[in-house]
Structure formats: structure tokens, C-alpha cells
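Subject: Structure handover

Hello,

Here is the structure for your files. Please look it over first; my notes on what was found follow below.

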Amino acid sequence: KINSLLDNIEIRRHNTAFKIFRKGTETEFNAQAISSGESELISLGIECLIFTKELAESGENILFLDEPDVRLHPDLQVRLMHFLKELVDENNFKVVIATHSTAILGALESYADTHLTFITFDQKNLDFKAVSAVYKKVLPVFGAHPLSNFFNEAPILLVEGEDDERIWQQVVRSSKGGR
């Protein structure tokens, strides 16, 4: 399962240890040459797999992840979320993720059982809502990595104040040939 997270390398069991190879080859790969993102992704993947092996048979199992996006490129964040969703489907547990990553939120948007909330300082109650089309349109705008713009199907224009509003209204009128 860990190898499904990786593009360029794969981990194989070798006797009682593990070795790293260039994906699809017999060329051994030095562990020191793995990127920090790949290393972090492997670590997170292993932690998630260990969690699934230690699930309690009675009661609810919840995996808490605090900013798993740190040191992960947006495409690796998306890959991690799909990996995690597959584990959830196979093992029936819940995940709570604290993140600032729009790539993670965008990756989870297509899953009906994904809910999110925005938390403010000193907030006591959380109001989780399904990730909706509105969130999907807004996610790339706030703190988004430029590569996450593919989540944005409708461009958003943020206008501050009456002056900006008048200017943009004039732009719209002018672009349609009217005055």
C-alpha cells in the first residue's frame, strides 16, 4: 500500500529488512537520496497503516492528523488523502484533520462523507458541514497553492469597497460593448 503513494521509488521486503528501489527496476535506491516530501509521505503512510492494525474492536476509532500537509507538495497531499480514504473504507474509522491546505480540502471534496468547519480563535462549538460547491469554488482563493487552481471551476472576484465595485462594474459594461 505504501508503494501506491510513490511515483519514483518502491519499498520491497528483503529478508527481515526493507530495501528501496527505483520503481519498476532492480536498481537499489539510497534512502539518503529520497526527497523530504517522499520521506514524509512514507512516514505518514506507515503511521496510518499502523493505526489500522491497532483499531479497537469496540467503540469508535478516530485518527487525528495535525497538519499532515507540512513538507508535502500539493500533489502528494492529494495522494495522501486518497490513500487515507481507501484505508477508511477498508477499515471503518474516522479521521479528523487540522489543516490550512486547500489541496487537501479539494482532494476530499468529492467524498460525500467529508465535512469541514472553519475555526476561529476561542471558538467553543464546531459546526461541520458537507463540502459544497461553494467551498469548492472558494478553496483555491484563500491561501491556495497555484497548482490547486484546477479545483476552481468558476473564477471569483473579491471586491473591497464601493470604489472597486464601481470600477469592476464599468469593466463588465465595457467588455460587453455597452457604456
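**Pockets**

The largest pocket has a volume of about 980 Å³. A pocket here is an open set of points on a 1 Å grid over the protein atoms alone, with protein on both sides within 12 Å along at least five of seven lines. The probe is 1.4 Å, and lining residues have an atom within 4 Å of a point. Grid points are joined across faces, edges and corners, and the volume is the space filled by probe spheres set on them.

This is a predicted model, where local features need pLDDT of at least 70, side-chain atom pairs count only at pLDDT 80 or more, and totals for chains, interfaces and linings use all residues. Numbering starts from 1 along each chain as its sequence is written, and side-chain values use heavy atoms, with hydrogens and water left out.

Back to the largest pocket. It is lined by 33 residues, and the closest to its centre are Ile97, Leu105, Leu108, His115 and Leu116. Helix 2, strand 4 (94–98), helix 3 (102–108) and strand 5 each supply at least two lining residues. Strand 4 gives the largest share, 5 residues. Helices (H or I, at least four residues) and strands (E, at least two) are DSSP runs, numbered from the N terminus. By class, the lining has 21 nonpolar, 8 polar and 4 charged residues. Nonpolar covers Ala, Val, Leu, Ile, Met, Phe, Trp, Tyr, Cys and Pro; charged covers Asp, Glu, Lys and Arg; the others, Gly among them, are polar.

The second largest pocket has a volume of about 160 Å³. Its lining consists of Lys1, Ile2, Asn3, Ile11, Phe18, Ile42, Ile46 and Leu49. Helix 1 (residues 36–53) provides the largest share, 3 residues.

**Backbone and exposure**

Most residues other than glycine have a negative phi. Asn15 has a positive phi, near 55°. Asn15 sits in the loop between strand 1 (9–14) and strand 2 (17–22). Asn15 is exposed, at 66% relative accessibility. The cut-offs are under 20% for buried, over 50% for exposed, and in between for partly exposed (1.4 Å probe, protein chains only).

Asp122 also has a positive phi, about 65°. Its loop runs between strand 5 (115–116) and strand 6 (129–130). Asp122 counts as exposed because its relative accessibility is 55%.

Glu90 belongs to helix 2 (residues 74–91). Its relative accessible area is 45%, so Glu90 is partly exposed.

Best regards
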